[in-house]
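Q: Could you walk me through this structure, starting with the helices and the charged pairs and then moving on to the rings and the backbone?

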Amino acid sequence: MAVAAAAARVWGSSRGLGQAGLLLLRRPGARGLARSLPQRQVQQHFPSLDDKPQFPGASAEFVDKLEFIQPNVISGIPVYRVMDRQGQIINPSEDPHLPQEKVLKFYKSMTLLNTMDRILYESQRQGRISFYMTNYGEEGTHVGSAAALDNTDLVFGQYREAAVGAAYAAKRANANRVVICYFGEGAASEGDAHAGFNFAATLECPIIFFCRNNGYAISTPTSEQYRGDGIAARGPGYGIMSIRVDGNDVFAVYNATKEARRRAVAENQPFLIEAMTYRIGHHSTSDDSSAYRSVDEVNYWDKQDHPISRLRHYLQSRGWWDEEQEKAWRKQSRKKVMEAFEQAERKPKPSPSLLFSDVYQEMPAQLRKQQEALARHLQTYGEHYPLDHFEK
Amino acid sequence: MMDDVINQSVLWIQAGLGTKMGLQDKGQTQKMNLFQAVTSALDNSLAKDPTAVIFGEDVAFGGVFRCTVGLRDKYGKDRVFNTPLCEQGIVGFGIGIAVTGATAIAEIQFADYIFPAFDQIVNEAAKYRYRSGDLFNCGSLTIRAPWGCVGHGALYHSQSPEAFFAHCPGIKVVVPRSPFQAKGLLLSCIEDKNPCIFFEPKILYRAAVEQVPVEPYSIPLSQAEVIQEGSDVTLVAWGTQVHVIREVASMAQEKLGVSCEVIDLRTILPWDMDTVCKSVIKTGRLLISHEAPLTGGFASEISSTVQEECFLNLEAPISRVCGYDTPFPHIFEPFYIPDKWKCYDALRKMINY
């Protein structure tokens, strides 16, 4: 036992095993060591330790049958929903029972967004703005999740790792804030997502990772983006609480985000929500999606499973909305957007000298020289530049 | 040989030359090597600023170069902590902390490993303030990394990547030559309202020892230091190489009767053109030296600017003595580095031009 005690002093305390760990080596038949021990040493059995692996890297049982784990893609993580495609509540206990005013706000936000998308897409076609990305079909994911947050919560679009850092700082400051980070199923392939998930889990950050899985990353369908069970299935791999929801069901999105928020802040741990949806529009004004998908496919989602339609059915079945209000609101929201657009269009762009501002908090001497050089250049060659659209 | 450089630099620094003037009115001092000076700066920062946190690979137990020894015990595990092995995560996470206004001090284990974080530094950190019209910024982020040759570091433990970052408006890049400089410059980086990268010459972590104030103090960024005045040639370097050119200046004086003005650039971006140009206008000759490869190295930027600003003052072409255009070699290190003989030879040719 003196040998065991000595060895335990060397290895035991640092490995947390004490004498027991060393005694594992002396189990009869273990690599022939038992045979090399002096005869008078007593072999001892510790069945509970024999049954459990001691690796620092994982806690699990032993298995003596060679079997690979089959990734479960056919019947993967189920999709949580509250309403069916016709806007009817399926399980009444999941209905968030939101007041009429709040649900109307959901509807008006989603439809105002839709109206703004139509007008701005058109304005790009007319050359009045340079670029635009629409939200067609995904209005439920934005509005449902945003509605579940507090006004002081932090929202990151992309910037997965930075969102985790902000969440860590919020935790340290006892700020009672959650950070939510939105990204698509394509962005989830970037190393940024891996880094963000792993840091959020290991550093115990109050963050919601909200993945909008809309079926396409520009022209790349999900079958070319990943082979596993979407994004939700990755969460458990990082030790993250995860859920998949029907992104076209604004109540499902709301419920999941609300609960994730409550627990993320209370328990200081990350949550992953994968909102399944469909990108009805093109990726952007630089894209024509008829090059890579069928019109039939797009029409199905537009007509049969649209977040705005589903919520409208819900509202109408409660008598909270009708055709007349719909007509009036469409007119009013269009007017709102047009007025804001025209007001913005009338404003001249900021002075070209501001090209050099905010690179650093203070402007370095070298940059000031370049700013002066541009000013001099414009004095001589100004006629070749669109100075009329800019403030002096 | 590298040993000669180290021995010379230890002697030189212990003699207190160049830093004696910095010591007045800074209170009690203590003998510190470079990593201890870094620890002292970090200690001061965490004591003064309750939002400050330090994170990176292996910083919790003290760090692979012992820069963070004792800090976790003193300030707690929520303020000094390990991250997973992921440089893009370390920097991205640091940006997020800084965006909320808290002070983030990120450690990259070797400057050679900074490249996975290049996108975060260049596309995110450097542009955060600009792209948001000053609505947001990550100015309270500082990234520290061990830098430069160490005698046996080979391809991935010897690199000096400052030139990659010099090309990136929006960040600051700083390299100290000694413990006293390191503490003052690091504290300035931490205080600075812009994201900063602070490269620490790893060969000097133990080799450089001097008296360093215990209390915090700062050395201004974007200010080069003329550590020795002269009239015939301007020598410019940063980090470890400053000690090499200081020795070359002695050799030049002794063997050639040539008087050299020695400048430590200290901040690579934004760099102090005025001090360098003022010196070249006086001397008419410029030699710049760095370990990093010649092509696209930061000496090119200095050379290009000086010939623009001081063309008529130049008596000879500007000389660059740098690493070769190869990856940093393993067994060939003694032949690769821009040692005092190569610098001396280049200087001699410049004098005889």
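A: Helices here are DSSP runs of H or I with at least four residues, strands are runs of E with at least two, and both are numbered from the N terminus. This is a predicted model, in which local features need pLDDT of at least 70 and side-chain atom pairs count only at pLDDT 80 or more, whereas totals for chains, interfaces and linings use all residues. Residues are numbered from 1 along each chain as its sequence is written, chains are lettered from A and ligands numbered from 1 in the order in which they are written, and side-chain values use heavy atoms, with hydrogens and water left out.

Q: OK, how many salt bridges are there over all chains?
A: A search of the whole structure gives 36 of them over all chains, where a salt bridge is a side-chain nitrogen of Lys or Arg within 4 Å of a carboxyl oxygen of Asp or Glu.

Q: Which residue forms a salt bridge with A:Glu267?
A: The partner of A:Glu267 is A:Arg263, and their closest N and O atoms are 2.8 Å apart. The two are separated by about one helical turn because they stand four residues apart in helix α11 (residues 250-267) of chain A.

Q: What does B:Asp43 pair with?
A: B:Asp43 forms a salt bridge with B:Lys74, with 2.9 Å between the closest N and O atoms. B:Asp43 is in helix α3 (residues 34-48) of chain B and B:Lys74 in helix α4 (residues 71-75) of chain B, so this pair ties together parts that are 31 residues apart in sequence. B:Lys74 counts as exposed, at 53% relative accessibility.

Q: What about B:Arg131, which partner does that one have?
A: B:Arg131 forms a salt bridge with B:Glu124, the closest N and O atoms being 3.0 Å apart; B:Arg131 is partly exposed at 36% relative accessibility, whereas B:Glu124 is buried at 13%. Elsewhere, salt bridges that share partners join A:Arg85, A:Asp246, A:Asp305 and A:Arg310 into one network.

Q: Which ring does the charged end of B:Arg131 sit over?
A: That charged end sits over the ring of B:Tyr128, 4.6 Å from its centre, and in chain A the charged end of A:Arg293 sits over the ring of A:Tyr216, 5.3 Å from the centre. The criterion is that NZ of Lys or CZ of Arg is within 6 Å of the ring centre and within 35 degrees of the ring normal.

Q: Switching to rings, how many aromatic pairs does the structure hold?
A: There are 32 aromatic pairs over all chains, counted for rings of Phe, Tyr and Trp (its six-membered ring) whose centres lie within 6.5 Å; planes under 30 degrees apart count as stacked, over 60 as edge-to-face and the rest as tilted. One of them is the tilted pair of A:Tyr168 and B:Phe81, with 4.7 Å centre to centre and 40° between the planes. A:Tyr168 lies in helix α7 (residues 160-172) of chain A and B:Phe81 in strand β3 (residues 80-82) of chain B, so the pair joins two chains, and both residues are buried.

Q: How are B:Phe180 and B:Tyr217 arranged, stacked or tilted?
A: B:Phe180 and B:Tyr217 are stacked, at 4.9 Å centre to centre and 15° between the planes. This pair links distant parts of the chain, 37 residues apart, with B:Phe180 in helix α9 (residues 179-191) of chain B and B:Tyr217 in the loop between β8 (209-213) and β9 (225-228) of chain B. B:Phe180 is buried at 3% relative accessibility, and B:Tyr217 is buried at 7%.

Q: Last topic, the backbone: where is the cis peptide bond?
A: The cis bond runs from B:Leu269 to B:Pro270, with omega near -15°, and B:Pro270 lies in the loop between β12 (267-269) and α12 (273-283) of chain B.

Q: What phi does A:Glu204 have?
A: A:Glu204 has a positive phi of about 55° although it is not a glycine, and this residue is in the loop between α8 (191-202) and β4 (207-213) of chain A. A:Glu204 counts as partly exposed, at 47% relative accessibility.

Terms used
Buried means under 20% relative accessible area, exposed over 50%, partly exposed in between (1.4 Å probe, protein chains only).
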